[in-house]
Amino acid sequence: MKKRFTTLVAALIVTTTFAVVAQQSDREPSPSKLQQHVSYLASDAMDGRRTGTAGANDAARYIAGEFSRAGLTPANGKVERKPRAIIASYLQTFPYVGRVELGRNNVLSMRSGEAFRAGADWMPLGISANQTLDLTGVVNAGYGITANELNHNDYKGTYSKNQVAIIQKGTPDGDNPHGRFTTAGQLRFKVAAAQGAGVGALLIISSEEDLKNDTLARLSYDNAGLAGIPVALISKQAAEKLANATELKLATDVVRAEVPAYNVVGVLEGSDPVLKNENIIIGAHYDHLGRGGEGSLAPRSGEVHHGADDNASGTAGLIELARIFGAQRPKLKRTLVFIAFGGEEEGLLGSNYYVNHPLVPLDKTIAMINMDMIGRMKDNKLMIGGVGTATEWRQLLAKTDFSLTLNEDGFGPSDHSSFYMKQIPVLFFFTGTHVDYHKPSDTFDKINYNDEARILSLVARIVRDVDAADKRLTYTTAKSEPPRTGGFRVYLGTIPNYADSSDGLLLDGIRDDSPAAKAGLKAGDRIVKIDNRDVKNVYDYTHALGEMKAGQEYVIEVVRGTERLTLKITPAARN
Ligand SMILES: [Zn+2]
């Protein structure tokens with residue numbers, strides 16, 4: 001009896017101790033769990049998690065499994081029984097061009113009969129429009145740059161759609177990354193310049209002896225909208241032969257195959273009968289750069305870009321916060337929505353899709369907290385963006401042990417931007433960039449897990465504080481960072497949708513009292529022409545903006561529903 005009793009007591013003590021330990025570890029972010037998630041997500045098996053690839057989809061399923069384990073409900077609300085169906089129910093699919101191939105009808109030939117071989121002598125780019133053109137002449141357009149602000153124009157004449165421009169790579173400043181032409185010299189802006197000048201196609205001379213070694217010959221697509229004209233790379237030899245051609249034929253045929261890509265969304269319903277209708281979103285992107293290419297800073301492509309800090313760190317943090325809040329009793333009053341975004345590296349594609357196809361009402365989303373690269377804390381330094389997007393943020397951030405660098409702006413190079421565009425208060429957590437940024441060497445062993453856990457405790461505390469208040473946060477328009485040199489001098493007051501890639505530029509919103517508002521533009525409008533220039537994507541739009549002058553009236557064409565409207569807009573000077 002005694003023995004049994006003591007055993008029972010001992011057993012009880014053991015269980016209680018265990019329970020206490022379990023509760024504590026449920027409440028606090030765990031460095032070892034973070035390490036577990038990061039080492040898996042940043043392992044070779046994930047192949048760099050490039051959106052649309054098997055590696056990224058495996059990562060998405062892993063996150064869905066963790067959400068399920070934490071007790072989150074799938075965003076689509078259905079309770080599934082089969083493991084595969086359970087995982088799938090957490091996934092929100094968004095469209096994504098994952099594969100680009102040459103089609104059959106690629107022709108570049110001269111009247112003399114000489115034909116150039118696609119893939120060897122020339123190569124259409126992944127962004128090229130598919131068209132068949134009979135061309136009557138070649139325009140030698142230098143670097144192919146027009147930049148009003150820099151007083152530079154490589155297209156001085158008047159051109160027609162029957163002409164093709166041939167240009168060099170690079171800029172008059174050479175490869176200087178801090179030169180004056182870094183923006184205007186980008187491929188996308190060169191395409192916009194050619195379109196604006198009125199030529200029918202653009203050929204870019206390869207800088208390599210063998211065209212196949214040229215990075216532009218890789219046939220990749222950035223998911224940022226098609227060019228309005230055919231765009232191709234040509235070899236130096238072909239360029240010489242074409243220099244004085246008077247009649248040539250150009251046909252481009254690029255096949256862009258859509259593959260599914262995913263956001264992973266899990267919901268933890270609030271406990272207050274009324275306030276649970278409001279929600280707080282916690283997000284982090286899980287995609288990375290795969291084996292390099294677009295966005296990579298590695299000298300050559302081919303190696304796995306592990307993306308431990310960018311952004312397996314934020315993803316692991318998201319999973320940890322899901323676990324902690326999933327175990328919390330009682331639950332928070334408001335609903336928490338956990339989202340792991342895809343397509344961030346290609347231009348915030350997943351978060352942009354989400355804000356246009358929200359799974360809980362967006363007008364009830366009272367805050368969005370984004371974690372992107374939170375694994376490399378040094379000297380206790382933490383950067384937080386978006387503090388100017390709600391009047392309460394600064395006060396909520398007042399008490400911390402970190403040495404904080406606060407930034408007002410709600411826009412920034414990560415997914416919180418998509419939410420700020422919809423006028424939702426945002427915060428962005430970031431421990432800063434480093435030498436391994438966007439390189440294969442961003443590996444799990446370099447992550448500072450202890451400090452990441454401390455950052456997550458701060459995030460959790462802020463989420464609890466936001467939830468504890470009776471009133472929702474007060475949204476404010478944040479001060480934007482002053483435009484960098486080369487920024488635009490005119491202001492329209494449009495809020496473009498940077499991820500929509502169909503014809504024209506979709507507007508998410510219009511700022512009050514702005515030139516765009518006065519012109520009669522509305523959210524949902526699609527700008528297709530400015531001052532007679534075709535606008536196919538955000539680059540064409542940005543380029544057209546750079547060519548405008550404040551105080552001068554321009555004609556702007558928009559598609560609204562089934563209507564096509566012609567409006568007049570007068571840009572204001574940006575101060
Ligand atoms: Zn990145």
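In what order do the 4 strands of the open sheet run? The order is β4-β3-β13-β6, and the pairing is antiparallel. Before going on, a word on the basis. This is a predicted model: local features need pLDDT of at least 70, side-chain atom pairs count only at pLDDT 80 or more, and totals for chains, interfaces and linings use all residues. Numbering starts from 1 along each chain as its sequence is written, and side-chain values use heavy atoms, with hydrogens and water left out.

Some terms. Strands are DSSP runs of E, at least two residues, and helices are runs of H or I, at least four, numbered from the N terminus. Two strands pair if DSSP finds at least two bridges between them.

Inside, β3 (residues 107–110) and β13 (residues 248–251) are antiparallel over 4 bridges. M110 has L248 in β13 as its bridge partner.

Next, β15, residues 279–285. Is this strand mostly covered or mostly open? Mostly covered: 7 of its 7 residues are buried, meaning under 20% relative accessible area with a 1.4 Å probe, protein chains only. N279, I281, G283 and H285 point one way. I280, I282 and A284 point the other way.

Now the partners of β15. Strand β16 (residues 335–341) runs parallel to β15, joined by 7 bridges. I282 is bridged to F338 in β16. From β15 the chain crosses through helix α7 (residues 308–327) to β16, a right-handed β-α-β crossover. Right-handed here means that, with the strands pointing away from the viewer, the path from the first strand over the helix to the second runs clockwise. Strand β17 (residues 365–371) also pairs with β15, parallel, over 5 bridges. There I280 stands opposite A367.

Last, the zinc ion. Which protein atoms are its donors? They are D310 (OD), E345 (OE), E345 (OE) and H438 (NE2), at 1.9 to 2.5 Å. Donors are N, O and S atoms within 2.8 Å of the metal (3.2 Å for Na, K and Ca); water is not among the atoms, so sites may look incomplete. The spacing in sequence is D-x34-E-x92-H. E345 sits in the loop between β16 and α8 (349–356), and H438 in the loop between β20 (426–430) and α11 (449–468), so the pair ties together parts 93 residues apart in sequence. Both E345 and H438 are buried.

Why is the arrangement irregular? Because the 4 donor atoms subtend angles of 55 to 145 degrees, whereas four tetrahedral donors need all angles between 85 and 135 degrees; four square planar or six octahedral donors need opposite donors over 155 degrees apart and all others between 65 and 115, and anything else is irregular.

Key. Buried means under 20% relative accessible area, exposed over 50%, partly exposed in between (1.4 Å probe, protein chains only).
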